[in-house]
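User: Could you take me through this model? I would like to go through the sheet, some helices and a few single residues.

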Amino acid sequence: MAHLTQILLLLAVAVAVVLACQRLQVPTSLGYLLVGVILGPHTVGPTIHVPEFEALAEFGVVFLLFTIGLNFSLPQLNALRHQVLGLGTGQVALTTAAVGIAAWLAGVPGAAAFVIGAAFAQSSTTIIASLLKERGEDNAPHGRLGLAMSVFQDVTAVPFLVIIPALGVAVAADVLALELAWALAKGALAFALVFLAGRWLLRPLMHHVAERRSAEMFTLTVLLIALLAAWATDGLGLSLAFGGFLAGMILGETEFRHQVEAAIRPFRDVLLGLFFVGIGMRFDPVAVWPVLHWALLGALVILLAKTLIVAAMMRRIGLAPRLAWRTSLLLAVGGEFGLALLAIALDARAIDARLGQIAISAILLAMVAGAVVIRFNSAIAGLLARSAGPAQAAPGAPQAELPLPGAADASAPVVIGGYGRVGHTVAVLLQASGVPFVAFDTDPKRVAQGRADGHAVGYGDIADPDLLAAIHVERAALVILTVDEAATALKAMSLLRKACPQVPVIARARSLDESGQLVAAGAAHAHPEAIEASLRLGATALHMLHVAPGDIEQIVQGVRNRGYRPVAETEPDR
């Protein structure tokens, strides 16, 4: 209770700043950084000092890496290996090497130069995605390529989580090669332990928990798994975040992936916000002023190095000049993950406070300047390419989004909410027609049976807003609600209308009243089961009586078009 006043102050300032950022369409990560600057010890005004703050904020990075791991399970990494090893790894490796060597030649110690290069190589997926969506460029060729490479950066940067903590020890002990080799060996051991535990323990545990149908128990279990893996890697002398990534990667192979992401999302967002607040508190405007020229130079290095390197890579794989420049300009922005790497390096003493302050300032400036560059990427690319002609993506270019389970060949699958009798029937028809789909159900036995049948079925509640956000339901071609409970269907319908009003929804209804409620809530169609069964029975009878098929369909559709009133005007005796 001694820190309650400071916690309330932190929350009040955070709410005010984040609301302002959302109103101005500024990424909220920058807002949290500003909160840290306002409440930090280096600015005039109140200062937050909660001893447990930094430890709590560190878990934000753990959950961030946990979520990234969910999206990059081993099968997905294997399927995307050429893109990850080619474009993603190439950009990170080349930028790290170029910036690191330049810093080392400028007199920066080797370990610190490596850290700066690694941090500068990262780009902000949050800023890129939000600005592309705002401008309607998220599905354009340059948008898809830029987002893909930005997401891949998060994976290819994971080895830095193993290497950077070892650099602080290595600098002091002068045994750099040995320490790095030992750190990589421990990383391999941690991967093996988490992989084996996941294969033998996690899937059975998640099935057992899911059978309880308790959202509270499910969330607690997810938190336990993420933090247990982080504790294990921390015990091996590695970073907490590396354990979170490994746990996410193993759970990403299971049918629980999307519901796990939905359960962890609130904790990740809040704790990651605290992490950025902590980064902002490290920022000292007074200390930066004497080295502001170095920070500006660093920001310029970030923007130019990544722009030139990515453009060269894009041209090498055959992209038109304008498309290559537009893609590279997206990735020029500084990244939150770079700030995370700097925080880890500062804690491990792999970089001193002065260099850390310059690097943090440079990344912050590059995030702001990069956001401006992204907004005007078309005009800038036109000047650089000296061409206004259309550009096409090269064959085999990566997609900006990871596929939903079982829908790897389509960016707009059908989403089925509920995999009971009706949902299974719909799935069979869609599969027979070659239409990609993904279904969700809260019964783990149904999920297991669906996956055994070769259908893309995952564990999840279609009426959970976090699940809808996790699966990017706004990208769906169609949503089909087949859940048995009317309350669940209506809740899902309400959430879908708010989240993606452009996506059509059709629903199953048990009665005519329920059908009317779903249509009023926004469903394009809601067919009452009993009446539909009666209509099909009557249609079959007419067909056997040699009525023309066209006339039968016209009669049946006429009943539907009139809201089933012709068959519901009177209540027949039973």
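Analyst: A definition to begin with: contact means heavy atoms within 4.5 Å. This is a predicted model, in which local features need pLDDT of at least 70 and side-chain atom pairs count only at pLDDT 80 or more, while totals for chains, interfaces and linings use all residues. Residues are numbered from 1 along each chain as its sequence is written, and side-chain values use heavy atoms, with hydrogens and water left out.

User: With neighbours within four places in sequence left aside, which residues is Leu274 in contact with?

Analyst: Leu274 is in contact with Leu10, Phe53, Leu56 and Ala57, leaving aside its neighbours within four places in sequence. Leu10 is 264 residues away from Leu274 in sequence, and their C-alpha atoms are 9.6 Å apart in space.

User: Where is the place of Leu274, and is Leu274 buried or exposed?

Analyst: Leu274 lies in helix H13, residues 257–282. Helices (H or I, at least four residues) and strands (E, at least two) are DSSP runs, numbered from the N terminus. Buried means under 20% relative accessible area, exposed over 50%, and partly exposed in between, with a 1.4 Å probe and protein chains only. Leu274 counts as buried because its relative accessibility is 16%.

User: Now the sheet. In what order do the strands come?

Analyst: Six strands form an open sheet in the order E3-E2-E1-E4-E5-E6, with parallel pairing. Two strands pair if DSSP finds at least two bridges between them. E3 and strand E6 (525–528) are the edge strands, each pairing on one side only. From one strand to the next, the twist averages 20 degrees.

User: Which helices pack on the sheet?

Analyst: H20 packs on the sheet and touches E1, E2, strand E4 (478–481) and strand E5 (505–509); its direction makes about 160 degrees with that of E1. H25 also packs on the sheet, touching E5 and E6, and its direction makes about 75 degrees with that of E6. For these angles, axes are lines fitted to C-alpha atoms, for helices over the stretch in contact, and angles run from 0 to 180 degrees between N-to-C directions.

User: How many residues of E2 are buried?

Analyst: Five of the five residues of E2 (residues 437–441) are buried, so this strand is largely enclosed by the rest of the structure. Phe437, Ala439 and Asp441 are buried on one side, and Val438 and Phe440 are buried on the other. In a regular strand the side chains alternate between the two faces of the sheet.

User: And what joins E2 to its partners?

Analyst: E2 is joined to strand E1 (residues 414–417) by four bridges, and the two run parallel. Val414 stands opposite Phe437, and Ile416 stands opposite Ala439. Three bridges join E2 to strand E3 (residues 457–459), again in parallel, and Phe440 has Gly458 as its bridge partner there.

User: Which units include E2?

Analyst: E1, helix H20 (residues 421–432) and E2 make a right-handed β-α-β unit. Another right-handed β-α-β unit is made by E2, helix H21 (residues 444–452) and E3. A crossover is right-handed if, with the strands pointing away from the viewer, the path from the first strand over the helix to the second runs clockwise.

User: What about E5?

Analyst: Four of the five residues of E5 are buried, so E5 is largely enclosed by the rest of the structure. E5 is joined to E4 by three bridges and to E6 by four. Ile506 is the bridge partner of Ile480 and stands opposite His525 in E6.

User: On to H26. Which residues there are buried?

Analyst: Ile552, Val556 and Val559 are buried in H26. Seen down the axis, the buried residues of H26 fall within an arc of 55 degrees, so they line one face of the helix; the arc is that of the directions from the helix axis to the C-beta atoms. They pack against helix H25 (529–544). Exposed residues Gln554 and Asn561 are on the face turned away from the buried side.
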